[in-house]
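Trainee: I'd like to learn how to read strand pairing and helix packing. Could you walk me through an example?

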Amino acid sequence: MSVRWPDGKRFAFSIFDDPDAQTLSEGRRVYSFLADLGFRTTRGVWPLGATREVNSLGETCANPEYLAHNLELQKLGFEMGYHNATPHSVVREETRQALDLFKNYFGHDPRAMANHYNRDAIYWGSARLTGSLARAVYSASTLSKNNNRFRGEVEGEPEFWGDLCRERIEYCRNFVYADIDTLAVCPWMPYHDPLRPFVRNWYSAADGANIKNYIRMLSESNQDRLEEQGGACIMYTHFGHGFVENETLDSRFSDLMTRLSKKNGWFVPVSTLLDYVADRRGRVEIGASERNRLQSRWLWQKIFRGTS
Ligand SMILES: [Zn+2]
């Protein structure tokens, strides 16, 4: 589908930044750079401080300096997104507490989220897929991981919070593709999947998981194609994965983002972008054929190209 972007902009570009492993100083370095170039994107956060052993490094909003930085960014127009409660699995009451904290800190419920690999992740692991064949292929392709441990949508489990997700969060990420034009590969987004009723709307993303994938995805030719197609990119990344070394930004990242910033693009947070698309086109409920297309393309790319 093609969308007419506001103010004569030719394409849209956003980022969801996953907080895994990101230090305070890396975050400061990356975000002052993005802010100066005019990007306003989405930063995933953990609202709740860890109380048990963590499964990932990275800051939580329990660190006052980190929280202050997030509030500064929010003031500038960046969006804060949800990345589950904290970097370890939590039970329902902790998720509720995390959502309440988020609301206290940032003034409203989170609008966009992406799962962290906690047990409280929602429709995650093999539950991302529909059908026993697809799940079997997926499990075979990720042999080393336990893909059936996620419980966020499973009623009666201690980690269940599906109803809270449906009440409080608008957009959740599922599939990630090796294509810069996310809207071209997933023209239905934001979409509702009736087989996954606790998520109001899903979105897809482009694979920029670490510095290597990000700079490959944002190559000059891909940027130009995104612009020509009038498309929309939602880049999924971890700014803690190789973007800053010795306080210095990766120079290729910095060059590519500077080049992109000079184009006539709409550089807005994830939920601003998705709201706009949904307002223009209406909400989509996908059926079996759309679901199949989305998941087989994703599985294919995961197996043969190693996308996340
Ligand atoms: Zn994560």
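Predicted model: local features only at pLDDT ≥ 70, side-chain atom pairs only at ≥ 80, totals over all residues.

Trainee: How many bridges join β1 to strand β11, residues 265-267?

Mentor: There are 3 bridges, and the two strands run parallel. β1 also pairs in the parallel sense with strand β8 (residues 232-237), over 6 bridges; there, isoleucine 15 stands opposite methionine 235. Strand β2 (residues 42-45) is joined to β1 by 2 bridges, again parallel, with phenylalanine 16 opposite threonine 42.

Trainee: Which residues of β1 are buried on one side and which on the other?

Mentor: Phe11, Phe13, Ile15 and Asp17 are buried on one side, and Ala12, Ser14 and Phe16 on the other, so both faces are covered. With 7 of its 7 residues buried, strand β1 (residues 11-17) is largely enclosed by the rest of the structure.

Trainee: And the helices? What describes two packed helices?

Mentor: The angle between their axes and the distance between the axes. Here, helix α4 (residues 132-141) and helix α11 (residues 288-305) cross at roughly 20°, and their axes come within 11 Å. Angles under 35 degrees count as roughly parallel, and therefore α4 and α11 are roughly parallel to each other. Their crossing is left-handed.

Trainee: Which residues make the contact?

Mentor: Ala134, Val137, Tyr138 and Ser141 of α4 meet Gln295, Leu299, Lys302 and Ile303 of α11. By class, the contact of α4 with α11 has 5 nonpolar residues, 2 polar and 1 charged.

Terms used: Residues numbered from 1 in each chain as written. Axes fitted to C-alpha atoms, helices over the stretch in contact; angles between N-to-C directions. Helix = DSSP H or I, 4+ residues; strand = E, 2+ residues; numbered from the N terminus. Parallel < 35°, antiparallel > 145°, perpendicular 65-115°, else oblique. Left-handed = near helix turned anticlockwise from the far one by under 90°. Contact = placed C-beta atoms within 7 Å. Nonpolar A, V, L, I, M, F, W, Y, C, P; charged D, E, K, R; others polar. Buried ≥ 20, exposed ≤ 12 C-beta atoms within 10 Å, placed from the backbone. Pairing = 2+ DSSP bridges.
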